[in-house]
Amino acid sequence: MEWEIVNVLYREMTYKRLRANPQLSTDWNKFIKAFKRSGSLKRTLLSQSILFGIFGLMLFPGVYYVKDPSGSAVIYASYCLLPLIMALYGTAVTAQYAISLGLFEPLLSLPVRVGGKYLSALLLITELPSTLFLLPPAVALSLKLGPVAGVLGFAWALMGAFIGHTLGLLIYDRFGKASGGKFSGLKTAFKAFGILLVMSLFYGLNYLQRYVASHYETLKGVFERYSVAYPFSVSTVEKPLLSLGLLAVYGLVIGAVYVLTVRRLWRRISEGTATERRGGRARLSLHSPALALALKDFKIATRNTSLLTGLLMPVVVIIPSLAGALKSGSEGSALGFVLAVGWTSAIAIDAVLKIDGRAFEVLHSLPLSLRTFLRGKLVTMTTVPITAGLLAVMGLSLRNPGSLKVLPLALFLPVATAGTTLTVFYWGIREVALPQTTWKKMLLALLANGIIIGGTAGLWYVEWFLSLPFVLLVDVLLLWHLSR
Amino acid sequence: MIEVENLVKRFGGKVALKGISFTVRDGEIYGLLGPNGSGKSTTMRILAGIIPPSDGKVVVEGIDVAENPIEVKRIVGYIPETPVLYESLTPVEFFSFVGSIRGIPKGELEERVERLVKAFGIEEYLGELIGTLSFGTQQKVSIIAGLLHDPKALILDEAINGLDPKSARIMKELLNGFKEEGKSIVFSTHILAVAEALCDRIGIIYNGELIAEGTPEELKRFAHEESLEDVFLKLTESQEEVSSLVRALREAF
């Protein structure tokens, strides 16, 4: 019965998520195919478990190939931050989403003893596969320190997910209101920071792995001193009784917080208090149609974490090239970074086209031409990469003032690549609509952007000032095309 | 004036509209009635320039819908049966967006928003996210957005559904006012008493065909029935079916 309810909730959540994707909801066959693929909870859990288990193999050597066996426990403990952060973030974000969909409404009128536990179970079950990321390193731990340590290590990883999940519920209960309220700008900034943090987790983990591996002897003392606190507590796996005792204490304390939070949450769901009134009455503000479209996109995205994640994705993708540019400080590496910004601007098309969701119908009822629509989407696509690019290049110029040479490219290259992608995807379409994202179009966009990026880089190395007129020419042609 | 001539709409192999024709004169409220799935909403969406006709001709205020849908959208106010809105915008943000796309001067927009918001009593919800509002309030937001540009023609697809009695009355009064101003209005509803009271002429659409047209009185005379409800049930061949279903339900309980 309980599994059945969670299963139905999951199917409903998946259905609504897919329906909100205009590229799927406008094509019934495509929609049904996607729903069959991801609407089964068992199938999703299985595929995600396998996927995370395979990814976890990357962490195996880090624990296994440490000379000092106790060093393995320290390194494994550092990995245990991962399930905590993933469960915390996943819970806080998905709880808001699941409740905003009104998933629990049909259950309220049924003689079912519905509780917040269903929300919790729905979120926890979908997050558990990510904990399997820690299974291969736990196996490595058991090979180094014995099977008891391995089992305890994995139990700590599960505990980490449970702590993260409980904290996520607590955060949602305290701060997860549906609308922005008085400090909506600040909340959005925190949300954006949180997204960047979680999305950069793998870069961070890579760095952490190397750092802990080379400093584990020093860190061992720190871990022993603070062994009561998670994730330092994970390193107690070498002392099974202590570790088991700590696990029991954590289970009791976090369990109590969990039960209280779930009860409070259920009150909120059943009484329908999951929304917040916004302070003050906003004023009407008019803009040009293209700008109004872009502003509307940003307002919607900043109030929806998954959309904001999509918009911020280019920033995350360019982090390694920014790190490279910062390390080297050369003009060439600054150019490499700007080219990466240009390249990643194009990938925002997917997120940008999803923003309107089912409300795309609103655009159909308005006197909006395709070109105005595309100009608006171009602004939405390029704002984040241009801002990130300009700020980063100005930052790089503090180290090497010569980097300022690439500043105009940071402004104009994203317009060229994003505009090219939009033009390719909308080629042959005459009215405001969602394009079919075919492989042919994707390859064509990739090729066209490759020519633009390659041309810019090639001309830079011939004579650095030649690259700017080339990019400007592409921009002018695109803007002319979008203004006709 | 809205002129519909031999309108056909196909969705793949399915023919939703099988060549319907009617005219809505200036200063007239034309009711489009029909059971669910009969083709009313499809007709309305074509009149509003949202979807193109497969065949036939639709001219709104002299503009051909198939040739220039954007110009039609500029002069038409379309209110769908289920409010389709950006749920994570507030009503003020949504009105600003619609006003910007329609190019309404700021003074006019402010004046119209103020007047309509007051009439529908949604002042206190202006700063809240649309997704958090009740269905009725969302419907009011949708109606206000459809009227912001002072449209020359109005297409209302069951727009009174979900409105409280006061707002429904205001809406009816507004429609009568628009009629007096000479606007052409196409109106669909399942509340036949409203249609009878409000519409100058009514067209009954069934299985994609316009099966009867006339004033409410003409339709009653034509079908030899006392009420518009009976006319509707008779013409849509539902009278017998309704009686047998009611009998079966009574036996079941």
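Colleague: Which helix gives the largest share of the nonpolar patch?
Modeller: This is a predicted model, where local features need pLDDT of at least 70 and side-chain atom pairs count only at pLDDT 80 or more, while totals for chains, interfaces and linings use all residues. Residues are numbered from 1 along each chain as its sequence is written, chains are lettered from A and ligands numbered from 1 in the order in which they are written, and side-chain values use heavy atoms, with hydrogens and water left out. Helix H11 (147-175) and helix H14 (240-271) of chain A each supply at least two residues of the patch, helices being DSSP runs of H or I of at least four residues and strands runs of E of at least two, numbered from the N terminus. The largest share, 4 residues, comes from H14(A).

Colleague: What accessible area do the residues of that nonpolar patch have together?
Modeller: Among its members are Leu167(A), Val249(A) and Val257(A), and Val257(A) lies in helix H14 of chain A. Such a patch joins nonpolar side chains (Val, Leu, Ile, Met, Phe, Trp, Tyr) within 5 Å, from residues with over 30% relative accessible area and no salt bridge; areas come from the Shrake-Rupley method with a 1.4 Å probe, and only the protein chains shown count as cover. A salt bridge is a side-chain nitrogen of Lys or Arg within 4 Å of a carboxyl oxygen of Asp or Glu. Together the patch residues have about 550 Å².

Colleague: How many salt bridges are there between chain B and chain A?
Modeller: Over all chains, the structure holds 25 salt bridges. Arg45(B) and Glu361(A) meet in a salt bridge at 2.1 Å, N to O. Between chain B and chain A, the count is 2.

Colleague: Which helix gives the most to the side of chain B that touches chain A?
Modeller: The contact (heavy atoms within 4.5 Å) takes 37 residues from chain B and 32 residues from chain A. Helix H2 (69-75), helix H3 (91-102) and helix H4 (106-120) of chain B each supply at least two residues of that side of chain B. With 11 residues, the one that gives the most is H3(B).

Colleague: Which residue does Pro231(A) join through a cis peptide bond?
Modeller: Most peptide bonds are trans. Pro231(A) is found in the loop between helix H13 (201-225) and H14 of chain A. With omega at about 5°, its cis partner is Tyr230(A).

Note on methods: Patches are made of residues with over 30% relative accessible area and no salt bridge: like charges are joined within 9 Å, nonpolar side chains (Val, Leu, Ile, Met, Phe, Trp, Tyr) within 5 Å.
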